[in-house]
Every structure is written in structure tokens, then in C-alpha cells.
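Reader: I have a new model open and would like to learn how to read a few of its features. Could you walk me through them?

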4 protein chains.
Amino acid sequence: MTIRRRLYLTLEPTEKGGVLERIFEFFLISIIILNIFAVILDSVAELRSKHDALFVKFEFFTIIFFTLEYIARIYSIVENPEYSEPVKGRLKYMRQPMAIIDLLAFLPFYFVFIDLRFLRIFRLMSLFRLFKIARYLHALKIFKRVLTDRKEQLVLSFLFILFVLTIISFIMFYAEHDAQPDKFSSIPATMWWGIATITTVGYGDMVPITALGKFLGGLFAIAGVGLLALPAGILSSGFFELLHVDKSKEVKKCPHCGKEIHE
Amino acid sequence: MTIRRRLYLTLEPTEKGGVLERIFEFFLISIIILNIFAVILDSVAELRSKHDALFVKFEFFTIIFFTLEYIARIYSIVENPEYSEPVKGRLKYMRQPMAIIDLLAFLPFYFVFIDLRFLRIFRLMSLFRLFKIARYLHALKIFKRVLTDRKEQLVLSFLFILFVLTIISFIMFYAEHDAQPDKFSSIPATMWWGIATITTVGYGDMVPITALGKFLGGLFAIAGVGLLALPAGILSSGFFELLHVDKSKEVKKCPHCGKEIHE
Amino acid sequence: MTIRRRLYLTLEPTEKGGVLERIFEFFLISIIILNIFAVILDSVAELRSKHDALFVKFEFFTIIFFTLEYIARIYSIVENPEYSEPVKGRLKYMRQPMAIIDLLAFLPFYFVFIDLRFLRIFRLMSLFRLFKIARYLHALKIFKRVLTDRKEQLVLSFLFILFVLTIISFIMFYAEHDAQPDKFSSIPATMWWGIATITTVGYGDMVPITALGKFLGGLFAIAGVGLLALPAGILSSGFFELLHVDKSKEVKKCPHCGKEIHE
Amino acid sequence: MTIRRRLYLTLEPTEKGGVLERIFEFFLISIIILNIFAVILDSVAELRSKHDALFVKFEFFTIIFFTLEYIARIYSIVENPEYSEPVKGRLKYMRQPMAIIDLLAFLPFYFVFIDLRFLRIFRLMSLFRLFKIARYLHALKIFKRVLTDRKEQLVLSFLFILFVLTIISFIMFYAEHDAQPDKFSSIPATMWWGIATITTVGYGDMVPITALGKFLGGLFAIAGVGLLALPAGILSSGFFELLHVDKSKEVKKCPHCGKEIHE
């Protein structure tokens with residue numbers, strides 16, 4: 001086996017991986033998780049000022065590591081029949097969402113050593129490091145598939161929620177604006193109340209105080225339960241179908257002739 | 001094809017529309033969406049004062065456009081076999097909810113140029129412009145059909161919720177009124193707490209403070225989950241049936257012997 | 001037909017009622033609903049002081065009416081085969097929950113004219129007038145049947161929720177008591193937070209402020225979703241079964257001998 | 001029957017218990033429930049100071065009782081074929097979770113009479129007394145079995161929620177930190193907002209105030225409904241299957257020809 005092939009098999013997560021692949025996978029996931037912790041803990045002011053040197057060192061190590069990982073992936077991807085052409089195949093792979101995330105997880109950070117003025121933007125860029133774990137998150141695949149299967153229905157129900165939200169916010173704005181001009185200041189501002197109510201989050205930072213506002217708000221709160229039953233029902237049935245698909249794949253037999261029926 | 005027929009086919013949204021119909025549909029939806037945005041943004045005080053001239057111009061254009069659209073619809077509707085009679089058919093169409101919304105989306109606004117004192121009422125009237133999008137909202141049809149199919153059950157569960165809400169508010173009023181006479185001031189006022197609790201919105205603007213009130217409130221909060229499981233279950237099963245009805249209605253045939261299989 | 005029999009048929013709500021029965025039913029429901037409104041509006045201080053004379057007159061009328069209704073029911077109930085014995089049957093009927101509610105809806109109010117000191121207790125007694133509507137609330141029957149069918153499972157899940165609630169409140173009390181001794185003052189006090197969290201009501205009057213409290217509280221909030229999925233699932237499946245029971249009652253046939261199978 | 005066997009049959013809860021077993025079970029459950037009440041009420045400062053002597057006496061009685069119960073269990077467990085070996089079997093039983101809970105429910109409390117400095121730790125230890133009731137909580141078994149059956153799916157969806165929670169908190173931190181540096185102080189602090197939002201608890205102690213924060217927060221609140229539909233759906237379908245498994249496993253027979261019908 002060539003080194004390139006060995007590299008490819010090591011980097012690509014497969015069902016039955018070899019020892020080397022498992023070790024690398026464990027190591028990569030560890031680095032990503034450590035990075036996620038670093039991103040999270042770096043936002044805590046006390047920790048950042050205290051362990052600044054440690055964060056910088058780990059940052060340095062991460063950039064090098066992610067760069068090497070990216071180069072290795074681009075180098076070895078031609079072993080995959082889908083991306084077998086040396087130039088075209090590699091460019092095609094580089095346009096894949098996961099490859100773009102991999103690139104953005106290290107590339108912008110080289111500039112942090114050149115110009116510190118854009119530190120804030122670099123911090124936002126570390127979001128891509130969080131997304132690197134997505135390659136290993138199986139639940140994401142289930143979620144993605146349900147979202148794809150039910151895309152049309154979900155878009156329709158999202159538009160419908162948006163429509164109802166606008167109507168509700170329109171009415172509540174006119175009901176509450178005079179009593180609370182600073183809180184129910186505009187329809188977009190009232191939408192914040194509308195979302196908090198129909199999702200039943202109910203922060204309580206915006207609450208109707210007039211009798212009319214409370215009456216309408218109460219009706220909308222009850223209606224909200226029905227409204228969100230639409231996407232929740234779509235998602236639930238989507239998950240249910242996906243999770244039970246193996247069972248329903250059982251081979252059925254025709255009761256008349258006894259032969260198997262493949263649907 | 002007569003102009004009237006062409007007009008009718010252009011205005012009426014059908015499954016397989018021609019190019020002209022699609023262009024008009026796209027244009028009309030754009031105008032409506034722009035109007036929705038105008039209604040929303042007009043409520044933001046800073047934007048209104050700043051871009052007043054623009055809003056007035058767009059308002060002028062909208063009124064003319066919606067008037068012409070309405071006249072065209074009334075003129076061409078006789079092409080529809082359901083409304084074929086020149087006078088009776090047109091009057092019948094004008095009584096349809098969508099036609100009334102179309103009319104109210106422009107007619108009252110002619111008076112805004114005559115008398116500005118009723119500006120507030122005109123603003124409320126712009127709600128009908130939001131509703132014009134309903135013609136193109138497919139999720140609304142699904143929702144409407146589920147509501148129609150389960151009407152009786154939903155009305156019953158709504159009455160039941162109202163009944164339980166009244167009982168809960170009655171009890172909580174007597175439990176909390178003495179401790180918080182300004183908040184739990186009456187049974188209708190306590191219903192606001194009741195709705196926020198059984199829908200689990202929980203704004204927090206009204207919260208029991210006595211031991212008895214908290215004990216009863218806690219019981220009602222847990223019971224509320226069960227209570228709203230009633231309409232949520234009805235709606236969920238309604239959506240489920242509607243979304244799966246096509247699949248289950250197909251008659252299956254054995255591919256070997258050709259006979260139908262009724263499971 | 002005797003007067004007693006006619007009276008019985010008029011009072012008892014049946015599927016296919018005669019004209020007299022329908023008129024009486026409509027009249028009785030109207031009186032009850034007016035009473036519900038009276039009970040609710042009587043709690044609004046401004047309305048009570050303003051329309052005091054009206055409330056007293058309506059109260060007087062209601063007591064007389066409910067008394068006559070009760071006497072008529074007791075007199076005519078012997079027409080029902082279940083309560084046919086003149087004394088024993090009537091006493092058996094008087095022990096039925098609905099008959100007790102009917103009695104308590106008027107009897108205690110005779111004393112209000114004798115001694116006004118117990119006005120508060122009389123007000124609480126008017127709860128029984130709200131419950132009189134239960135006879136005509138069909139959704140209540142569905143709810144009652146689901147509660148009866150799933151009684152054991154619901155009691156078990158209620159005990160389980162109580163158990164988890166106690167454990168959660170125990171832990172949160174020790175996590176937050178030192179930081180907020182006035183809010184998380186005891187385990188029973190912490191249970192109020194626990195209920196608000198696991199039902200996702202989240203009033204916000206009690207919120208953990210320590211890092212440990214927030215970490216544990218966050219875990220409990222997520223776990224709460226799973227916890228209440230237990231009774232919600234039991235109730236949902238109960239409603240589903242009840243609402244679809246007619247469909248499943250379709251006669252099935254044995255595929256071997258073709259005869260009908262009554263399960 | 002030997003005393004040891006009788007003791008074993010008395011202590012071990014079986015389906016068809018004898019009179020002695022039922023009396024002991026009732027007595028033990030009563031002691032545990034009284035202990036749960038003692039633990040709860042002991043946290044109420046007024047009650048503790050008032051009834052201190054009573055609590056100490058009950059504590060003394062409980063320790064003795066739980067000690068004797070534990071010794072009796074260890075002594076008699078060899079009657080169970082699974083733990084029949086005198087030494088090995090007893091040690092194996094002592095490592096069971098319920099046996100550890102039984103031990104920790106009394107052992108640490110002996111030290112309370114020696115050194116009162118660790119009173120706080122002893123109080124925390126009383127959590128194990130709450131857990132003793134678990135042996136008799138049937139709903140816990142259902143919950144446990146569903147959790148075991150769906151373990152993998154639940155862990156995956158929990159990791160997915162954690163991932164989305166981190167992404168959401170990352171974004172909201174950068175959107176709100178400048179406007180509210182004291183509330184949205186770090187990503188871990190923002191996670192508290194994230195959990196309150198995606199679970200729809202919505203305490204309202206942390207609420208975005210910027211336009212961007214409200215827009216993103218609104219999107220995340222709506223998305224949260226879909227996100228928690230994942231574990232809720234898994235648990236619901238798990239409970240459903242468990243509760244209906246007995247019914248569906250029955251083999252149906254045609255009552256006419258006696259042959260089995262496999263649907």
C-alpha cells in the first residue's frame with residue numbers, strides 16, 4: 001500500500017477502521033474537543049488573562065496541526081474514486097462544506113500574528129473549529145436527513161409561522177403601543193414578544209398590561225401551541241420513520257402466491 | 001382566447017401556469033411582500049419620519065395596483081364556471097372571504113387622502129394587505145383543512161380548557177388575592193396567570209407568593225401539560241393523517257400474481 | 001305520559017331530545033353560563049360595587065331556580081331504572097357526584113341571607129356552580145375516560161415526577177441556599193423552582209445564580225423535557241386510541257376461512 | 001422453613017407476597033416516606049429549630065432501623081440462587097447499586113454523633129434515603145428500561161443538543177456581549193440563556209436587548225422546538241412501544257378455524 005493510500009484510509013472515518021485509523025480519529029477528535037473547550041474558556045475574561053500564554057501556545061499548536069491535517073486530506077483525497085482526478089478532483093473536494101470548514105478553521109488565524117487589530121474577527125472565525133466536530137456527530141446526520149426529507153413541509157410551516165407571527169405582532173402592536181410605547185415600540189419589536197409567546201419561552205421582558213392586550217395575548221398563547229404542533233409533528237414523524245425504517249424493511253410476502261414482495 | 005379569458009387565467013393561480021401567469025404571480029406576490037414590509041417598517045417611528053415621502057409614494061402605487069387587480073378579478077371571474085352569471089356570479093364572488101380581503105386592502109385607503117383624522121384606523125386596515133398573501137400560502141390550506149376536519153373535537157377541547165382555566169383561576173384568586181391584591185385583583189386578572197401557566201409560557205409578571213398558592217399553582221402547572229396534550233394530540237394526529245393519507249390510500253398489488261393486497 | 005316521566009325526560013340530557021328537552025337544556029345551560037359570568041365578574045371590585053343590586057337579584061333568582069331544578073331531579077329520577085326505588089333509589093342518586101354538586105350550588109347560599117359574616121365561604125361555594133356545566137361538557141367525558149383508562153400509569157408517572165422533583169429540589173437547595181438564602185430558603189421552597197423548570201413554565205422569580213446551580217439547573221431543565229414526555233405520551237396515546245376507536249372497530253375477516261373476527 | 005429463608009422472603013418484594021411480607025413492606029415504605037418528609041422538612045429553618053428534639057429522635061430510630069434492615073438483607077441474601085455463596089455471593093450483592101444506597105443511607109450517620117463539624121455533608125448524604133424508595137417505584141423501572149433501550153440514540157441526541165447549544169451560545173455571546181457585558185459575560189454564561197431558550201423554560205433573567213441578538217435569539221427559540229423534538233420523540237416512541245408491547249405480542253387466532261393470523 002502506498003503512503004498516500006494509507007494516509008487516506010487513516011483520515012477518512014469508515015465503519016470498520018484499522019488500529020491506526022482509530023488512534024488518529026481519537027487524537028483528532030481530542031484536539032477538536034480541546035479546541036472547543038479553548039474557544040469556550042477563552043471567552044471567560046478571568047481565565048484568558050490568567051492563562052494567556054497557555055492559550056497562545058495551544059493556538060499555535062492547533063494552527064500547525066489543522067494545516068497539516070488539511071494538506072494531508074487534499075493530498076490523499078485522490079484515493080477516493082469520487083475525487084480521483086489530481087487537479088479537478090482536489091478542487092471539487094475543496095468546495096465541499098466540510099473541506100471549507102477545515103480550511104477556515106486554520107487559514108485566517110495565520111493573520112492573527114501579523115495584525116492583532118482584527119482579533120475580534122479571528123474569535124468569530126473559531127466557530128469553524130466547533131463545526132469540525134460535525135464530521136463525527138452521527139445525530140447531525142439523522143437531523144440533516146429528516147430536514148432534507150421534510151424540507152418542503154418545514155419551509156411551508158416556517159413561512160406559515162412567520163405569517164401568523166406577523167399578524168399577531170401587528171394586532172398586539174396596536175393593542176399595547178399606547179400603554180407601553182417604550183416596550184411595544186414597533187411591529188418588529190412586538191415580534192420578539194410574539195416569538196417568546198408562541199414558542200412558550202415567555203421571558204417576561206415584554207408583557208401586555210392592557211385588558212385587550214392580555215385577552216388577545218392569551219388567545220395567541222393558546223393558539224401558539226397549535227401552531228408549533230405543525231413543525232413539531234412534521235419533525236417527530238420524520239424521526240419516527242427514520243428510526244423505525246429498519247423494522248419496516250422486513251420482507252413481506254404475498255398472501256395469495258407466497259412470493260416475497262419488495263416495495 | 002378572449003382578453004377576459006386570458007386575464008382570468010393570469011390572475012387565478014393554477015398548478016401548471018403559463019409564463020404570463022407566473023410573471024404576474026411573481027409580481028403580485030412581490031407587491032404584497034413589499035407591502036407587508038412597508039406595514040411593518042412603517043410602525044418603526046425613526047423609519048417613518050425619515051422615509052415619509054417614500055412610504056406615501058409606495059402607498060399611492062399600492063392603492064392603484066390593488067384597485068386595478070380587484071377590478072380585473074371581478075371582470076374576469078365569470079370565466080370560472082362557478083361564477084359564470086354576469087351579475088349574480090360576480091356578486092357571489094365578491095362575498096368570498098378572499099375577495100372581501102382584496103377589497104378592504106385598498107378601498108378604505110382612498111379616504112386617507114380626504115380625511116387624515118382617521119389615520120389610525122387606516123393603519124389597522126392594512127392588516128388586510130397582510131392577509132392577501134394567504135392566497136399563496138399552501139401551509140395555510142393544510143392548517144385550515146386540519147382545523148375543519150377536527151373542528152368539533154377542537155371546539156370541545158377549547159371549551160374544556162376554558163372550563164379548567166376558569167376553575168383554576170377561581171381557586172388561585174381566592175388563594176392569592178389577600179397576599180397580592182394588586183396582581184391577583186380579580187378572576188379575569190388571574191386568568192392571565194392561568195393561561196401563562198397552562199401553556200407553560202410563564203412570563204413571570206404574576207407569580208403566587210403564598211405557600212398555598214405555590215402548592216396549587218404547582219399542581220395546576222403539572223396538570224396543564226396534560227390539559228394541552230388534548231388539543232396538541234388532536235392537531236398532531238390531524239397533520240399526521242393529512243401528510244400520510246396519500247401513501248396509505250394507494251392500493252398495493254402483488255408484483256408476482258397481480259392481485260390486490262388489502263392489509 | 002305522566003308529568004313525572006315528562007319531567008324526567010326533560011331534565012335528563014339524551015342523544016335525540018324532544019323540543020321541550022332542548023328548550024329546557026338551552027335555558028339551564030344559559031343560567032349556568034350566566035352564573036359563571038356572575039362569579040367571574042363579581043370578583044372584579046369595580047363591577048361588584050357598581051352593579052351590586054343586579055348581582056343580588058340574579059343571586060336570588062339563581063338560588064330559587066337551582067333549588068327547583070334539584071327538587072325536580074330528585075322527584076323524577078325514579079323514572080330511571082337505575083334509581084327506581086322511591087327512597088333507596090333517590091338516596092343513591094343524591095350520593096352521585098353531579099347531584100352533590102347540584103345541591104351545593106344552592107343550599108349553602110340560603111344562609112347568606114341569614115349571616116353575612118361567612119360571605120367569603122359562600123363565594124368559594126360558587127365553585128360548585130361552575131362545576132354544574134360539567135354535565136354538558138363532552139370533552140370532560142373524553143378526558144375522564146382517558147384518565148380512568150390510564151389511571152395506574154398516570155399515578156405511577158406522577159409519583160415518579162414527585163420523586164425526581166424531590167431529588168432535584170434536594171440537590172438545588174444545597175447548591176443555591178448559601179448564595180440565595182431568601183429565595184432557595186428550604187427544599188419545599190426549591191420545589192417551586194423545580195416545578196417551574198421541569199414543566200418549562202419558568203416564571204423567573206427563582207433562578208440559580210451560582211455556577212454549580214446553573215450547571216445542575218441546566219441539566220435538570222433538559223431532563224425535565226424527557227420526564228414530562230412520560231405522562232404527555234401516556235395521555236396522547238390515550239386520546240389517540242379513544243379518537244380512533246371507531247375506525248379500528250371495523251370488522252376484520254380471517255384470511256384463511258373468510259369469516260368475520262370480532263376481537 | 002428456616003428463619004433465614006423467612007427473612008429473605010419478607011425482605012424481597014415479590015408479585016404475590018404473604019401477609020408478613022406485605023406488613024413489612026408497608027412498614028419499610030412508611031419509614032422511608034417519613035424519612036423523605038424529615039429530610040424535606042428539616043430544610044425549613046423554622047421547623048428545624050422548633051422540633052429539633054423530634055428530628056434527633058427520629059434520626060436515631062432511622063439509623064438503627066436501616067442498620068438492622070441492611071444486616072438482615074446481607075444475612076438472608078444467600079437464599080437467592082444468584083447470591084448463594086456465603087462470602088462471594090454476599091460481597092457481590094453488596095456491590096449492587098441498591099445495596100450501596102442502603103448502606104450509605106445509615107453508615108455515614110454514625111459519625112454525626114462523633115463529629116458535628118461535618119453536619120453539612122451528613123445532610124447531603126440523606127439523599128441516599130430518598131433513593132431507598134426507588135426499590136418500590138415501578139415507573140422508575142419503565143423509565144430505566146426506555147433509557148436502556150434507547151441509550152445510544154439518547155446519547156447521540158444529547159451530544160447533538162450540546163453541540164447546537166455551544167454554537168448558539170458562541171454566536172449569542174458575540175451578538176450580546178458588548179451590550180450586556182455583565183449578563184452575557186462569557187460563552188458558558190451564555191449557555192444558561194441557551195438552555196433556558198431551547199427548553200422553552202425562559203426564566204427571563206438573561207434576555208438579548210440588541211436588534212441582532214433578538215433576531216438570532218428568536219430564530220434559535222423556534223429552532224429549539226425542533227431540536228428538543230428529537231429526544232422527546234425518541235422517549236415518546238420508547239414509552240409507546242413499551243406500553244403497547246404486551247398487546248401487540250399476543251398471537252391472534254381465528255375463532256372459526258383456529259389458525260394463527262399473522263398480520
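Author: Gladly! Keep in mind that this is a predicted model.

Reader: What is phi of Thr200(A) near?

Author: The general idea is that most residues other than glycine have a negative phi. Here, phi of Thr200(A) is positive, near 60 degrees. In chain C, Thr200(C) sits in the loop between α11 (187–198) and α12 (211–243), and its phi is also positive, near 60 degrees.

Reader: Is Thr200(A) buried or exposed?

Author: Buried means under 20% relative accessible area. Thr200(A) has 11%, so it is buried. Thr200(C), at 10% relative accessibility, counts as buried too.

Reader: Now for helix packing. At what angle do the axes of α10(B) and α9(C) cross?

Author: Two packed helices are described by the angle between their axes and the distance between the axes. For α10 (residues 151–176) of chain B and α9(C), the axes come within 8 Å and cross at roughly 85 degrees. The two helices are therefore roughly perpendicular to each other.

Reader: Which residues make the contact?

Author: From α10(B) come Leu156(B), Ser157(B), Phe160(B) and Phe163(B), and from α9(C) come His138(C), Ala139(C), Leu140(C) and Phe143(C). By class, six are nonpolar, two are polar and none is charged.

Reader: And what does Leu137(C) touch?

Author: Leu137(C) lies in the loop between α8 (127–131) and α9 (138–149) of chain C. Leaving aside residues up to four places away in sequence, it touches Leu159(B), Phe160(B) and Phe163(B). With a relative accessible area of 9%, Leu137(C) is buried.

Key
Residues numbered from 1 in each chain as written. Chains lettered and ligands numbered in written order. Predicted model: local features only at pLDDT ≥ 70, side-chain atom pairs only at ≥ 80, totals over all residues. Heavy atoms only, no water. Helix = DSSP H or I, 4+ residues; strand = E, 2+ residues; numbered from the N terminus. Buried < 20%, exposed > 50% of the residue type's maximum accessible area, 1.4 Å probe, protein only. Contact = heavy atoms within 4.5 Å. Axes fitted to C-alpha atoms, helices over the stretch in contact; angles between N-to-C directions. Parallel < 35°, antiparallel > 145°, perpendicular 65-115°, else oblique. Nonpolar A, V, L, I, M, F, W, Y, C, P; charged D, E, K, R; others polar.
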